[in-house]
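Dear colleague,

Please find the structure below, together with its sequence. Once you have had a look at it, read on for what was found.

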Amino acid sequence: QPPATQPPATQPPTPAPTPLTYFRLKNKKDWSKNCLDLDVHSKNIIVWECHDGDNQKWAWDGGRLRSKGNSNLCLTMGGRNGDSVKASECGGSADQAIKRGKDETMKTSTECTVDGEVKRCCLDWDNDDPHEVLAWGCHGRVNQKWVQAK
């Protein structure tokens, strides 16, 4: 007679991941008429008039800003002053690790040099362009202030 076999040990069920909470990010430069927007064709992060599309919805996910319009993409700042902000595959790079400052800025641990002074890179609505978003040395002026909204 063959030896008795033990039934396989049962593993506890894997808990379901916590669902992400999506929101829009409005810039304070124009009293919040414009939102952070993923250009789905170019994958550039731009500023555009606020609407209800998923390409303007973002969620905090492990210190990154994940797009609802394409959930594989995260906001990626770049590591130099003046770099265009893009959306790229979510990973662990320093230019995707975003911290929200108490002053309503969004900054990375990467460094941007402004007028010879090294500062953290902040999410910056370019003052000279109606849509472009850049990595720029943090200065805390209104074009670097972003508020979460539904």
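**A lysine and its surroundings**

If its neighbours within four places in sequence are left aside, Lys57 is in contact with Tyr22, Phe23, Arg24, Asp52, Arg66, Ser67 and Lys68. Please keep in mind, here and in everything that follows, that this is a predicted model. Lys57 belongs to the loop between strand 3 and strand 4, and from there its side chain reaches the backbone oxygen of Asp52 at 3.2 Å.

Strand 4 (58-61) pairs with strand 5 (residues 64-67) in the antiparallel sense, over four bridges. The two strands form a hairpin with two residues between them, and in the turn Gly62 has a positive phi of about 60°.

**The disulfides**

How many disulfides does the structure hold? There are four, and if you count the bonded cysteines along the chain, they follow the pattern 1-2, 3-4, 5-6, 7-8. Three of them are described here in turn.

The link of Cys35 and Cys50 is right-handed, with 95° about the S-S bond. Is Cys35 buried or exposed? Cys35 has a relative accessible area of 0%, and because buried means under 20%, Cys35 counts as buried.

Another disulfide is formed by Cys74 and Cys90, whose sulfur atoms are 2.0 Å apart. Cys74 lies in strand 6 (residues 73-76), whereas Cys90 lies in the loop between strand 7 (86-89) and strand 8, so the pair ties together parts of the chain that are 16 residues apart in sequence. The torsion about the S-S bond of Cys74 and Cys90 is about 95°, and this disulfide is therefore right-handed. Cys74 counts as buried because its relative accessibility is 0%.

The sulfur atoms of Cys122 and Cys138 are likewise joined in a disulfide, at 2.0 Å from each other. Here Cys122 is in strand 10 and Cys138 in the loop between strand 11 and strand 12 (146-149), so this pair ties together parts that are 16 residues apart in sequence. With a torsion of about 95° about its S-S bond, the disulfide of Cys122 and Cys138 is right-handed, and both Cys122 and Cys138 are buried.

**The sheet around strand 10**

The strand that holds Cys122 is part of an open sheet of four strands, in the order 8-9-10-11, in which the pairing is antiparallel. Which strands lie at the edges of this sheet? They are strand 8 (99-100) and strand 11 (133-137), each of which pairs on one side only. Strands of a sheet pair through backbone hydrogen bonds, either parallel or antiparallel. Within this sheet, strand 9 (residues 106-114) and strand 10 (residues 117-125) pair in the antiparallel sense over five bridges, and Val114 stands opposite Glu117 in strand 10.

Notes. Residues are numbered from 1 along each chain as its sequence is written. This is a predicted model: local features need pLDDT of at least 70, side-chain atom pairs count only at pLDDT 80 or more; totals for chains, interfaces and linings use all residues. Side-chain values use heavy atoms; hydrogens and water are left out. Two strands pair if DSSP finds at least two bridges between them. A disulfide is a pair of cysteine sulfur atoms within 2.5 Å. Buried means under 20% relative accessible area, exposed over 50%, partly exposed in between (1.4 Å probe, protein chains only). A polar contact is a pair of N or O atoms within 3.5 Å; within protein, one must be able to donate a hydrogen and the other to accept it, and residues adjacent in sequence count only if both atoms are side-chain atoms. Contact means heavy atoms within 4.5 Å.
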